[in-house]
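Let's walk through a model together, one feature at a time. Bring your questions, and we will read each feature as a general idea and then as a case.

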Amino acid sequence: MNTKIILLFFLCLLIGCGENLTITPQEKKQAQIIGQESSTTVLRVMMMKLMEEIQQGGTVKAAKFCSVHAQELTSQIQEKFTKKITIKRTSQKNRNQKNTPNNEEKQALKFFVEEIKTKKQAPSHHLVKVRLDDQLFINYYKPLYVAPLCIQCHGSEVNLKPELKKMLKEKYPNDKAVNFKKGDFRGVLKISIPVAELK
Ligand code: HEC
């Protein structure tokens, strides 16, 4: 009886009850180019805007910018690319509920945490092929680390400016994105690329 179940299981694997989601060398090469190019642009624009806002209006204004416009900014950046990519920021310790990781993203976050733990350093990116409904995607994950600039909004809770603390409490009652130290792994930037775009 048990042997039959085991045989059925392997038969199922063989005839494709589980889809083969191996990334071909060609897909890998192209996904790396698109992923690197778009993630660099996204991070550069976000950093520039954040610094601009901090200089002009201080941390609270910048944090408001971050919460109101982050999504908008992402769509603007998306328009710059001819490829139909989608962009998401996610973290195990997220501030905005909307940025909560799904199961696949949790796995990717775990991958980076483990790499950092065992090898002291994570790779520059991580590729995962997935099927969503009838479409195949390659997800390019880029790890994000805490730079000195990030500390004023994601650092030690007791050191946050009172005005900022108040704003964060009101807007993000379930905020988990505090108490980070410089150099900590903060989360990932995920660029989803439809496999159809790679041809
Ligand atoms: C001026 C304050 C401020 C600064 C500086 C700042 N952040 Fe944020 N960050 C926020 C706010 C507010 C959100 C929530 C955005 C939203 O509502 O989508 C956020 C969200 C994020 C997210 C998305 C996941 C989540 O927690 O919801 C990541 C990742 C992130 N920040 C990383 C960084 C990194 C890395 C830096 C430094 C380069 C940084 N942040 C600097 C205020 C800031």
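A: Let's begin with burial: a residue is buried if 20 or more other C-beta atoms lie within 10 Å of its own, exposed if 12 or fewer, and partly exposed in between, with C-beta atoms placed from the backbone. This is a predicted model, in which local features need pLDDT of at least 70 and side-chain atom pairs count only at pLDDT 80 or more, while totals for chains, interfaces and linings use all residues. Residues are numbered from 1 along each chain as its sequence is written.

Q: What share of the protein chain's residues count as buried?
A: Of its 199 residues, 19% count as buried.

Q: How many helices and strands does the protein chain have, and what pattern do they follow?
A: Helices (H or I, at least four residues) and strands (E, at least two) are DSSP runs, numbered from the N terminus. Here the protein chain has 5 helices and 4 strands, in the order α-α-β-α-β-β-α-α-β along the sequence.

Q: Which residues of α3 are buried, and which are exposed?
A: As a general idea, an α-helix has 3.6 residues a turn, so residues three or four places apart point the same way. In α3, the buried residues are E105, A108, L109 and F112. They cover an arc of only 100° around the axis (taken from the directions from the helix axis to the C-beta atoms), which puts them on the same side of α3. On the other side of α3, N103, K110, E114, K117 and T118 are exposed.

Q: What covers the buried residues of α3?
A: Contacts tell us: two residues are in contact if their C-beta atoms, placed from the backbone, lie within 7 Å. The cover includes β1 (86-90), β2 (126-132), β3 (135-145) and β4 (185-194).

Q: How do β2 and β3 run, and how many bridges join them?
A: Two strands pair if DSSP finds at least two bridges between them. β2 and β3 run antiparallel, joined by 7 bridges, and V130 has F137 in β3 as its bridge partner. The two strands form a hairpin with 2 residues between them, and D133 in the turn has a positive phi of about 55°. β3 also pairs with β4 in the antiparallel sense, over 9 bridges; there, Y141 has K190 in β4 as its bridge partner.

Q: Is K142 buried or exposed?
A: K142 sits in strand β3. It is buried, because 22 other C-beta atoms lie within 10 Å. Leaving out residues up to four places away in sequence, K142 touches S39, H125, V188 and L189. K142 and G35 are 107 residues apart in sequence, yet 8.4 Å apart in space, C-alpha to C-alpha.

Q: How does L127 count, buried or partly exposed?
A: L127, in strand β2, counts as partly exposed because it has 17 C-beta neighbours inside 10 Å. Beyond its neighbours within four places in sequence, L127 is in contact with I23, K28, A31, I138 and Y140.

Q: How many residues surround the ligand, and which are the closest?
A: A residue is near a molecule if its C-beta atom, placed from the backbone, lies within 6 Å of it. There are 25 residues around the ligand, and the closest are A62, N96, N99, C150 and C153. The elements giving two or more residues to this shell are α2 (25-80), β1, α4 (148-154) and β4. The largest share, 7 residues, comes from α2.
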